[in-house]
Structure formats: C-alpha cells, structure tokens
Amino acid sequence: MSLLFPLWTQTRRQAVHAWWSGRLLYWCGIHVDYFGQPELHKPVLFVMNHVSWLDIFVVNQKRATSFIAKSDIRSWPVVGWLVTGAGTVYIERGQRHAIKRVAEQMQQRFKQQQAVGLFPEGTTSDGFTVRPFHASLFETALRTEVDIQPVALRFFDDTERSARVAFIGEQSLLCNIWLLLSQPKVRIECVFLPPLPHAHNQTQGRAATAQQAYDLLLAQVEKGLNAPSRFST
C-alpha cells in the first residue's frame with residue numbers, strides 16, 4: 001500500500017486516511033460525537049486545542065488533514081507511520097528557519113486545495129482549558145486567503161469530562177495507549193465552529209485573528225465543565 005499511495009488521486013488518499021483513522025479509533029475503543037460542519041472542499045486551516053495524539057485521527061476521520069507536528073512523532077510506532085502517510089508537516093524545533101519552511105509547505109498544501117491542521121498551543125493540555133496560542137503560522141492562512149476554522153475537542157469518561165487519557169507530562173506513548181485501552185467508555189466531542197473568513201482575518205490581522213480563534217475555542221472547551229454532557233453517547 002505504501003508504494004501505491006503516491007500514485008492514488010487525492011480523493012482516494014482522503015478516503016484511505018478517513019478509513020484508517022476510523023479503524024484506529026474503533027480499535028482503541030473511542031467513540032466520537034461530531035458537531036458542526038467541517039469545511040470539506042476548499043483549502044482550510046483547522047485550528048484546534050490539543051489534548052492527545054488521538055486528536056489528529058479524530059479530524060482525519062472527517063477530512064484528510066496535513067497537521068503541523070513536532071518531528072519526534074515521526075519515530076513513534078504505528079502512529080508515526082500513519083500520520084506521516086497523512087502528509088504531516090514536521091517542524092524541527094530549535095532550528096532557525098523552521099517556521100519559514102513549515103509556512104512554505106503549508107502554502108503548497110493550500111494550493112492543492114488541502115486542509116492543514118494546527119495546534120497553536122504548541123503542546124498538549126489536560127483538555128479542561130486552552131493554553132496561550134503561538135500566532136506565527138496564522139500568517140500563512142492570511143497571506144494565501146484561506147479561511148480558518150476553529151475545532152474544539154472535549155474528552156469524556158462516558159458522560160463526565162475527564163483528563164484521564166490526556167497525553168501530558170512525561171508520559172510515554174506506550175503508557176498512554178495502555179491507559180487508553182484499559183479505560184472503558186472514552187468519548188470525544190469534536191465541535192467544528194463556523195469558519196473565520198479570510199477577508200475579515202486579513203482586515204484585523206494575525207494577532208487579532210489568533211485571539212478570536214482562541215476565545216471561541218476556550219468557550220467551547222470550558223463548556224459544561226461543571227455539569228454532565230448534554231449529548232448522549
């Protein structure tokens with residue numbers, strides 16, 4: 001399959017990404033509830049809060065997306081192979097021109113009508129709040145006239161919000177997978193918020209656009225924290 005993959009059309013590659021993502025979530029016992037309407041046809045920058053290595057596959061199940069990710073993910077067993085095959089753009093932290101190279105690759109994917117996924121926090125959180133954003137890569141979407149769609153992720157143990165399977169701290173991938181497989185009824189809510197149109201984003205600038213996306217995500221992530229979810233499993 002790895003030899004044939006580059007020869008397939010973009011439509012077929014997207015279908016394969018969605019299938020693999022759905023299978024992985026199923027094998028891990030994850031149930032995902034989706035809300036809102038993702039942009040499925042035009043180039044788009046999905047801007048998300050970051051809780052787990054599962055986040056990439058939650059979105060890929062709806063639309064094949066090239067995520068911006070730290071380079072060490074490439075060496076992860078199985079997961080690294082899957083996300084690399086999905087066209088992940090790796091950022092080499094600590095290198096002087098890393099942001100410039102990533103921006104160039106983002107532009108190429110937007111020109112090919114693809115979706116790009118960005119975790120502006122730069123790290124994972126417990127899923128109960130959103131860390132401050134790094135706004136530099138928002139500029140690429142503004143320059144290429146691409147809409148930005150915030151995507152909020154909320155993690156649950158059945159109907160109660162939970163940080164149990166958040167991939168945080170010094171935890172290894174294998175330990176997190178073991179915890180995940182031993183924890184029944186893990187559920188994720190994925191909320192696609194209305195896109196922020198590029199014309200408006202260009203008018204208000206990168207910093208204000210990043211702040212707007214942050215505020216929208218924070219409101220969704222903190223929604224219902226003091227009460228059980230209103231959505232059924």
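# A walk through the strands and their contacts

Arg187 is buried, with a relative accessible area of 2%. Buried means under 20% relative accessible area, exposed means over 50%, and partly exposed lies in between, with a 1.4 Å probe and protein chains only. Arg187 sits in strand S8. Strands here are DSSP runs of E with at least two residues, helices are runs of H or I with at least four, and both are numbered from the N terminus.

The model is predicted: local features need pLDDT of at least 70, side-chain atom pairs count only at pLDDT 80 or more, and totals for chains, interfaces and linings use all residues. Residues are numbered from 1 along each chain as its sequence is written, and side-chain values use heavy atoms, with hydrogens and water left out.

Stay with Arg187 for a moment. Which residue does Arg187 meet in a salt bridge? The partner is Asp33, at 2.8 Å from N to O. Asp33 belongs to strand S1 (residues 31-36) and Arg187 to strand S8 (residues 186-192), so this pair ties together parts 154 residues apart in sequence. Asp33 and Arg187 are both buried. A salt bridge is a side-chain nitrogen of Lys or Arg within 4 Å of a carboxyl oxygen of Asp or Glu. The whole structure has seven of them.

Another salt bridge joins Glu189 and Arg154, whose closest N and O atoms are 2.9 Å apart. Glu189 is in strand S8 and Arg154 in strand S6, so to speak distant parts of the chain, 35 residues apart. Both Glu189 and Arg154 are buried. Through shared partners, salt bridges join Asp33, Arg154, Arg187 and Glu189 into one network. Arg187 also makes a side-chain polar contact with the side chain of Glu189, at 3.0 Å. A polar contact is a pair of N or O atoms within 3.5 Å; within protein, one must be able to donate a hydrogen and the other to accept it, and residues adjacent in sequence count only if both atoms are side-chain atoms.

Asp147 lies in strand S6 and Lys42 in the loop between S1 and strand S2 (44-48), so the pair ties together parts 105 residues apart in sequence. Lys42 is partly exposed, at 44%.

Now turn to the rings. Rings of Phe, Tyr and Trp (its six-membered ring) pair if their centres lie within 6.5 Å; planes under 30 degrees apart count as stacked, over 60 as edge-to-face and the rest as tilted. The count comes to eight aromatic pairs. One of them is Tyr34 with Phe192: the centres are 6.5 Å apart and the planes at 20°, so the pair is stacked. Tyr34 in strand S1 and Phe192 in strand S8 are 158 residues apart. Tyr34 is partly exposed at 22% relative accessibility, whereas Phe192 is buried at 4%. Phe192 also pairs with Phe46, edge-to-face, at 5.8 Å centre to centre and 65° between the planes. Phe46 is in strand S2, 146 residues from Phe192. Phe46 is buried, at 0% relative accessibility. Five of the six residues of S3 (residues 65-70) are buried, so the strand is largely enclosed by the rest of the structure. Three bridges join S3 to S5, and the two run parallel. Strands pair if DSSP finds at least two bridges between them. Thr65 stands opposite Ala115 in S5. Three bridges also join S3 to strand S4 (residues 89-91), again parallel. There, Ala69 has Tyr90 as its bridge partner.

Gln113 lies between helix H4 (98-111) and strand S5 (115-118). Its phi is near 65°, a positive value in a residue other than glycine.
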